[in-house]
Amino acid sequence: MIDQWERNVPVYDVPIWTRPFIGLCGLGGLAILFVSYRELAGLGPASGMNDAYAWGIWKTFNTMTLTGLGSGAFAIGVAAWLFKKKNLHVVMRTACLTSFLAYLSGLALLGVDVGRPWNFYWVFTPWRWNLHSPLLEVAVCMPTYAMIPLLLENFPPFTDWLYSQKPQYRPYVKKSEEIMIRFYPFIVGLAYLLPAMHQSSLGALMLLGGDRVYPLWQTPWLPILYVWAAAFLGFSCVAGTLLFCSLVWKRPIDRDVLVEMNRITAGLIGTWLMFRFADILFRGVINLAFKFTIYAGLFWMETLLLALALWMLLDSSRLRDPRLMFHAHLMAAVGGMLYRFDPTTLAFQPKPGAFYFPTPIELFISVGFVALAIAAFMFLVKVLAILPAPMRLWYSMEARENKSQRLAAITAAD
Amino acid sequence: MPNEKPTIAEHLERAGVSRRSFIQLCTTLMMTAPISLSLTQKATAWEVAKAVGKAKRPSVIWLHFQDCTGCSETLLRTSRPDVADLILNIISLDYHETLMAASGYQAEAALKNAVDENLGKFVLVVEGSIPTKDQGQYMKLAGKPALQILKEVGQKAAAVIAIGSCASWGGVPSASPNPTGATGVDSILTEKPVVNLPGCPPNPYNLLAVVLEYATMGKLPALDDQNRPRFAYDRVIHDHCPRRAHFDAGRFAREFGDEGHRQGWCLYRLGCKGPVTHAACSTRHFNEVPDVWPIGIGSPCVGCTEKGVAFNVPIFQTVELRGVTPPEALPLINTPIGTVGTVAAAMVGAIAGGIGGAALMASRRLPSGKDFQDQTKSNEDDSQKPNVGSSGGD
Amino acid sequence: MTLSRREILQGITFGTASAVATGAASGAVASGVAPSEYPDAPPAAVAMLYDNTRCVGCQSCVSACVEENKTLVNAPLPGIHHTNQELNATTKNIIKLYKPADGKSYAYVKQQCMHCVDPACVAGCMFKGLQKDPVKGIVTWNSKVCVGCRYCEIACPYHVPKFQWEGFNPKIVKCEFCKERLARGLQPACTSVCPTRAVVFGKRTELIAEAKQRIREYPGKYYQDRVFGEIEGGGTQVLYLSKVPFEKIGLPDLPPESMPEKYLKWQKRVYSYLAVPTVLYASMVAVIRGNWKTHQKHMIEAEKATGLRSQL
């Protein structure tokens, strides 16, 4: 039987409180505890940040790198709506949810990271904005994106749930859907404009690092490279998530959709690699890649991971082999994340003798927030119709629900 | 026929000084003599006594020229050994205008006798500068110009010690415009070994040490390029000043009597010439009372030993520092920042390994390779299934 | 993966539109705005000139700065005086030592905020927490708007702004040219106490002239016969004359353009007047609308076929 993803179906046959879920919630809770320590004691005792490396993994990893992974809604949306890849509509909800949770987690940690968060209200006063600052662009655009278009894109599963579980709200649901339908292109357009803007501005942030960012990374094209990387990172995250979820919850895999995604990802990675190499060649720094330095090592690691991913994506598409696909997307994700992380920390040398390594508390908080996002995902896909599946799964879900409804009616009658 | 001069030991015995007192004297000498003299390399007072006892009391002739007698005065302020010990037991002070009883013609005769009796063997100590202008008429002794006396007596001396800044390089009388052409000894007695002991006044122990070294070992201590003994003049006061830590920390007294001055902070800004003055005052204080030296009592050093500084650079004018070794406490241009903790490193390893391992293990359960069943069918069935969101083509 | 004709046309439309917009925006910016796009020093700009051939490493300036700014004393033990290895939250001014391998040609350097003519920190600060005074050119920090994001620390090529890592009300600490003293007609604390006049205060134009005069008087004494800060990084208001190479005393090798000019030029142009984003948005919405209409049609068809509510 060929599996085709036709509809989004909740993971209805798995309990919510599984051991991994509890574990992740625990990690998240611990992280929140540590956050209160950070708030009271200050950033110094809680983290390994210092005056040379003023940005630690909270900003550079959770916000700058993981939101790259969380660009699934952006990348897949652009493919589906602007390039008419119709097969991808069925994975849009997964993409939107993963993006939303990644952004939420990243932005929350950004709130933990800033030293004087009580002044953040100035973000609502445009006359106080410094329009030249790339960080302002990020600070305005990312929360706006997460809280408006991305949140709205995540409404449909929730309204569906309301419709089926809370019949008394059906008129409101219908009304909201009408509004949604009317303004859909505008919302969705914003959902692609804003990430394009801020993912590129995330790249622009390290432009001011000047020549303290190693020349293999520092380029005027950094914003473009960042947003392009966000594109394939988004695809890899969603494809990887889908494969992993299908594995864990034993859901059918739609190879056609995955192959489509693979091919797009491969195209993105291929063009990205070409662009990167062209940039390095034209700037005349290719010789740095052949020195025996850590920087050259990192550069080749990124390149090889992505090249390997590229090859594996194409190969797995040809073979229609899910395991190979999963490995490929893993490679692509790691390579892309490494690329986005390098100019901020590993390839950033503010002054000789400066060094940074996160402290255990810092790591806990970082991991904990990611854990919370994953836990939220696990919970939501079980309650709402997010993950794609063939129609037969929908019917079996309905059957189970009807069965239980009938059972309830029988027991009530007794 | 002149008698053989007695050795110091014999002389002391005759003078009725007990052996015990002599050993005590030698202990004192050993302790107070500056380091790097052969005297201090002896292990015990007995060895010192042996060396000193064998020596003969050197004859010392002390001439005063354009002086204030401050250098003689400074000599009087010693007690270990005191001047009495010095001139009675260690040296034979055969001519000293301030201390001797004779005057007038008797004094002139005393000088002649002293020189004749000790021809070629006496130590000439000169105090005060020598005027050279107008045939040196600005200082005359018994009608003869100082220049002449110095040349006559100096030629017959075994060694010459120029005590005080005046004798070393001209001192106060040589201050601009130097109307008398005052100059130091070593520019006149160019062929004799001259030891300069500048200072205004110099520390008396410098003289004692040189004399003792000469008396006991028969040689002069190591000299620098200005003929100053290295043991006392090889470093500048700034490099050995007890207030140096304040200098290094930027704590300066800015006015006499202000808070910094009361706290004993550095006097550099009040014109202290410590950085350019070679002397040992910071470690060997005066009057044998600790901290009795200019900086110790809160007065900036005026550089009294240093030619070109003393009586030349105004007292309260700050000097330029050149070639001063910077303190170790100053940070270097690039200091290391940030470290990695072992726990943190282990955590990162664990997280990365954990995620990677889990992913790999999980992926094993994904269908792979073998499951090719639907590969051939996929293309045929594609168009028939109703797909939500699929387009029928445009 | 074949594209339909319509898709190709749509792709070309918004691709061209955005390219045109970028071109128009940058053209507008370049032609009309370029000469004053990156600022020069204000005419009454104040400055300091530091000459390390005169500095004796006495650190009077460091003590005076602590006294004037009432920064906390970093004394690890009672009785041990203020010791800092770097500019940090407890010192706005520091003297450092360049100790070469030969152990002879020492040089000192005074480090503090350079008060650049076109500062990178000001360009990076989101809510103008760091601002450059238009009259005197002093770069000051405003605690009321600073969010503590520390972008200024990343941006500054001289590693000047420092963050208070301890406590829950952290500030950014950096030299602010003793603006209160300047308001009272006095010199900054550091320049007023220097015993050898190694660091002096004056107007920027005058001090540059003074520096050039010194270079003329002593040819060969100063490194490369130039004063650092005249053009480096767009120019700074703290000028340096040094007997050893500037890189040895920690001054970075910067091009004549300021950091914002060199690195943020395109960011600025692409977003100016929000022209490019607006055009991009308009073209995307136009494309999406077309696809959305088709999508809706298919959703309705699917609803009819399966009898299930369509999933948006």
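A residue counts as buried when its relative accessible area is under 20%. The exercises below apply this cut-off, among other things, to a predicted model.

**Exercise 1.** State what percentage of chain C is buried, and describe the secondary structure and surface of this chain.

*Solution.* Begin with burial: of the 312 residues in chain C, 56% are buried. Next, take the secondary structure, which comes to 10 helices and 9 strands in chain C. Finally, among the contacts in chain C with a separation of 6 or more, 60% join residues 24 or more positions apart.

**Exercise 2.** Decide whether C:Arg204 is buried or exposed, and list what C:Arg204 touches.

*Solution.* First locate the residue: C:Arg204 is found in helix H7 of chain C, which covers residues 204-217. Its relative accessibility is 11%, and because the cut-off for burial is 20%, C:Arg204 counts as buried. Now look at the surroundings, leaving out residues up to four places away in sequence: C:Arg204 touches C:Ala41, C:Ala45, C:Val46, C:Ala47, C:Val117, C:Gly229, C:Glu230, C:Gly235, C:Thr236, C:Gln237 and C:Leu239.

**Exercise 3.** Work out why the radius of gyration of chain A agrees with that of a compact globule, and describe the chain's extent and surface.

*Solution.* A compact globule of 414 residues would have a radius of gyration near 22 Å, and chain A has 22 Å, so the two agree. The C-alpha trace of chain A spans about 80 × 55 × 45 Å along its principal axes, and the chain has 16 helices and 2 strands. Buried residues make up 63% of chain A, whose accessible surface comes to about 15500 Å², with 73% of it belonging to carbon and sulfur atoms. As for charge, chain A carries 33 positive and 24 negative side chains, and the centres of these two sets lie 1 Å apart.

**Exercise 4.** Identify which residues touch the most other members of the largest nonpolar core, and trace the contacts of A:Tyr192.

*Solution.* The largest nonpolar core holds 172 residues, of which A:Leu88, A:Tyr192, A:Trp217 and A:Met261 touch the most other members. Helix H11 of chain A, residues 222-248, contributes the largest share of this core, 16 residues. Beyond its neighbours within four places in sequence, A:Tyr192 has contacts that include A:Phe74, A:Trp81, A:Met92 and A:Glu153, and also C:Met284 and C:Ile288 in chain C.

Terms used: Residues numbered from 1 in each chain as written. Chains lettered and ligands numbered in written order. Predicted model: local features only at pLDDT ≥ 70, side-chain atom pairs only at ≥ 80, totals over all residues. Heavy atoms only, no water. Core = buried A, V, L, I, M, F, W, Y, C linked by side-chain atoms within 4.5 Å. Buried < 20%, exposed > 50% of the residue type's maximum accessible area, 1.4 Å probe, protein only. Helix = DSSP H or I, 4+ residues; strand = E, 2+ residues; numbered from the N terminus. Contact = heavy atoms within 4.5 Å. Rg over C-alpha atoms; globule rule 2.2 N^0.38 Å. Areas by Shrake-Rupley, 256 points an atom, 1.4 Å probe, with all protein chains shown as cover. Lys, Arg positive; Asp, Glu negative; His and termini not counted. Charge placed at Lys NZ, Arg CZ, Asp CG, Glu CD.
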